Amino acid sequence: MSTEIVKDIVCPHFGESQKYRLYTGINAEENPELKQSILDETLFDWRCQRCNYFAAMAYPFIYVDNRAGYIVCLAPGGSGRALESPEPFGGYVKRRVKNLAEMKEKIMIFDRGCHDVAVELVKNALCTIIKKRYNDSRLHAYFSRVEAGKMEFAIFVPRNLEPVYHSTRMEVYNQSQEVLRTLDYTDPEDFTTVDARLAQRIIEQYQNT
Ligand SMILES: [Zn+2]
């Protein structure tokens with residue numbers, strides 16, 4: 001199902017035009033190399049063959065994993081509407097993200113068999129604690145892995161380029177799933193943004209019950 005568009009990109013240095021491949025649809029099984037470039041966050045990279053000028057592109061595309069049953073739509077800036085799905089994708093988990101880092105995170109969460117809404121609740125709990133430690137509320141946490149009974153997150157603090165890693169016990173994840181069960185949380189049929197804001201709304205709802 002991978003769909004490819006070839007565009008001409010003009011390098012700002014010498015003005016020559018070069019071909020650039022855009023992918024509006026990426027399929028997990030058919031395009032393992034494109035999946036890897038999402039995980040490496042290099043899918044949008046463009047480099048001029050003549051002068052090595054580098055630019056990061058951004059364009060909307062959908063990523064489909066038929067085996068795991070999920071579809072993630074990247075809409076840069078969050079403004080674009082979900083792309084029209086060529087297939088109905090009934091019963092698929094549907095997510096919308098704003099950038100490659102968020103797309104990568106969704107793939108890592110779903111490939112690990114985790115529920116991203118519960119993961120967002122874990123992040124919320126973790127960030128509440130570490131915000132105080134770093135004395136900075138503009139932290140960004142990304143799911144990293146599950147190992148030795150712990151869920152690990154990469155935390156980006158605005159001043160630092162490199163992330164710092166923090167883990168929580170899997171118990172926190174299990175409790176988060178319990179919160180969702182208590183609230184009878186069900187995934188909307190449509191493309192949904194599952195992020196820190198949704199986690200905040202769920203927690204407020206839970207505290208009011
Ligand atoms: Zn150039």
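Cys 51 is partly exposed, because its relative accessible area is 23%, and buried would mean under 20%. Cys 48 does count as buried, since its relative accessibility is 2%. Keep in mind that this is a predicted model.

How many strands form it, and in what order? There are 5 strands, ordered β1-β2-β5-β6-β7, and the sheet is open. The pairing is mixed. At the edges are β1, residues 3-10, and β7, residues 93-97, each of which pairs on one side only. From one strand to the next, the twist averages 25 degrees.

Let me stay with β1 for a moment. Its partner β2 covers residues 17-27, and the two pair in the antiparallel sense over 8 bridges. If you want a place to look on screen, find Asp 8, which stands opposite Lys 19 in β2.

Helix α1, residues 32-39, and helix α2, residues 100-111, have axes that come within 8 Å and cross at roughly 115 degrees. The two are therefore roughly perpendicular to each other. From α1, the contact uses Lys 35, Ile 38 and Leu 39. From α2, it uses Leu 100, Met 103, Lys 104, Ile 107, Met 108 and Asp 111. Sorted by class, that contact has 6 nonpolar and 3 charged residues, and no polar ones.

The other pair is helix α3, residues 116-134, and helix α5, residues 196-207. Here the axes come within 9 Å, and the crossing is roughly 85 degrees. That makes α3 roughly perpendicular to α5. On the α3 side, the contact residues are Val 117, Glu 120, Leu 121 and Asn 124. On the α5 side, they are Ala 196, Leu 198, Ala 199, Gln 200, Ile 202 and Ile 203. What is the make-up of this contact by class? It has 7 nonpolar, 2 polar and 1 charged residues.

Technical notes
Residues are numbered from 1 along each chain as its sequence is written. This is a predicted model: local features need pLDDT of at least 70, side-chain atom pairs count only at pLDDT 80 or more; totals for chains, interfaces and linings use all residues. Side-chain values use heavy atoms; hydrogens and water are left out. Axes are lines fitted to C-alpha atoms, for helices over the stretch in contact, and angles run from 0 to 180 degrees between N-to-C directions. Helices (H or I, at least four residues) and strands (E, at least two) are DSSP runs, numbered from the N terminus. Angles under 35 degrees count as roughly parallel, over 145 as roughly antiparallel, 65 to 115 as roughly perpendicular and the rest as oblique. Contact means heavy atoms within 4.5 Å. Ala, Val, Leu, Ile, Met, Phe, Trp, Tyr, Cys and Pro count as nonpolar, Asp, Glu, Lys and Arg as charged, and the others, Gly among them, as polar. Two strands pair if DSSP finds at least two bridges between them. Buried means under 20% relative accessible area, exposed over 50%, partly exposed in between (1.4 Å probe, protein chains only).
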